[in-house]
Amino acid sequence: MSQVRQDALKSRQSLLDAAAVVLSREPAASLEAIAAEAGVGRATLHRHFRNRQHLLKVLALDAMTALDRAFLRLLPAGAAAGTALRVLFEASLPLGPRHHFLSQQWSVMEDEEVATTYRRQLDDLAGMVEAARRAGLIAPEVPTRWVVSVLDALIYAGWAAVHSGELTVAQAADLAFRTLMTGVGCSSMQGAAP
């Protein structure tokens, strides 16, 4: 790859990083604010992204790809279902600003490519939950989609705690995993009155 191409990709990634930071802080931030955060002019931003909606789409896909890569990088070969769920938190929490951005920019989900990728990730997550259920880690009466929603909420809560400085990434991942296992695990609430 040529040096010019490498520099262009690096510049594009710097713009995406700046956009994630700015948009997680201020969802309605202007393109000028994003360019300023990146230390470039608006014209530079427009060389990479046609308009705001194009930037949001690329940022969403970048966030989803980063999560996929981080998860696969951290997941040991042949990992058990519980390990996979634990790794999910370890992979997700460092990517907090990217995911916080997504939680505030739902209009980007109208894009078919983004929506398809998001549905695939939810299906992958549901598959992890089903594997954990087969391994006896998830109570059979708890619906899969409920557990997926709980996972999503725990990732957000973990990121918020890391972002505020309350917890480290490792502490938040431990707490999120513990909350999941004691909240929907088979041994939780046994014998409790309905």
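Predicted model: local features only at pLDDT ≥ 70, side-chain atom pairs only at ≥ 80, totals over all residues.
The side chain of S24 reaches the backbone oxygen of V21 at 3.0 Å, and this serine lies in helix α1. With a relative accessible area of 12%, S24 is buried, because a residue under 20% is given that name.

**The chain as a whole**

The chain holds 9 helices and 0 strands, and its pattern, read along the sequence, is α-α-α-α-α-α-α-α-α. Of the 194 residues in the chain, 41% are buried. When contacts between residues at least 6 apart in sequence are considered, 65% of them join residues that are at least 24 apart.

In soluble globular proteins, nonpolar side chains tend to be buried together. In this model the largest nonpolar core has 31 residues, and the members that touch the most others are F89, L151 and L180.

**The largest pocket**

About 630 Å³ of space lies in the largest pocket. Its lining is formed by 27 residues, of which L67, H99, Q121, D152 and I155 are the closest to the centre of the pocket. By residue type, the lining divides into 17 nonpolar, 6 polar and 4 charged residues. At least two lining residues come from each of α4 (52-74), α5 (81-92), α6 (96-104), α7 (112-134) and α8 (144-163), and α7 gives the most, with 7 residues.

**Single residues**

| Residue | Relative accessibility | Class |
|---|---|---|
| S14 | 37% | partly exposed |
| S24 | 12% | buried |
| V108 | 0% | buried |
| T144 | 16% | buried |

S14, like S24, is found in helix α1, which spans residues 3-25. In sequence S14 and A38 are 24 residues apart, and in space they are 6.6 Å apart, from C-alpha to C-alpha.

V108 has its place in the loop between α6 and α7, and at 0% relative accessibility this valine counts as buried. Leaving aside neighbours within four places in sequence, V108 is in contact with Q53, L56, K57, A60, L102 and V114.

T144 is placed in helix α8. With a relative accessible area of 16%, T144 counts as buried, because that value is under 20%. The side chain of T144 makes a polar contact, at 2.9 Å, with the side chain of R133. Once neighbours within four places in sequence are left aside, the residues in contact with T144 are A126, V129, E130 and R133.

Definitions and conventions:
Residues numbered from 1 in each chain as written. Heavy atoms only, no water. 1 Å grid on protein atoms, 1.4 Å probe; cavity = no way out; pocket = protein on both sides within 12 Å on 5 of 7 lines; lining within 4 Å. Points joined across faces, edges and corners; volume = space filled by probe spheres on them. Helix = DSSP H or I, 4+ residues; strand = E, 2+ residues; numbered from the N terminus. Nonpolar A, V, L, I, M, F, W, Y, C, P; charged D, E, K, R; others polar. Core = buried A, V, L, I, M, F, W, Y, C linked by side-chain atoms within 4.5 Å. Buried < 20%, exposed > 50% of the residue type's maximum accessible area, 1.4 Å probe, protein only. Polar contact = N/O pair within 3.5 Å; in protein donor to acceptor, adjacent residues only side chain to side chain. Contact = heavy atoms within 4.5 Å.
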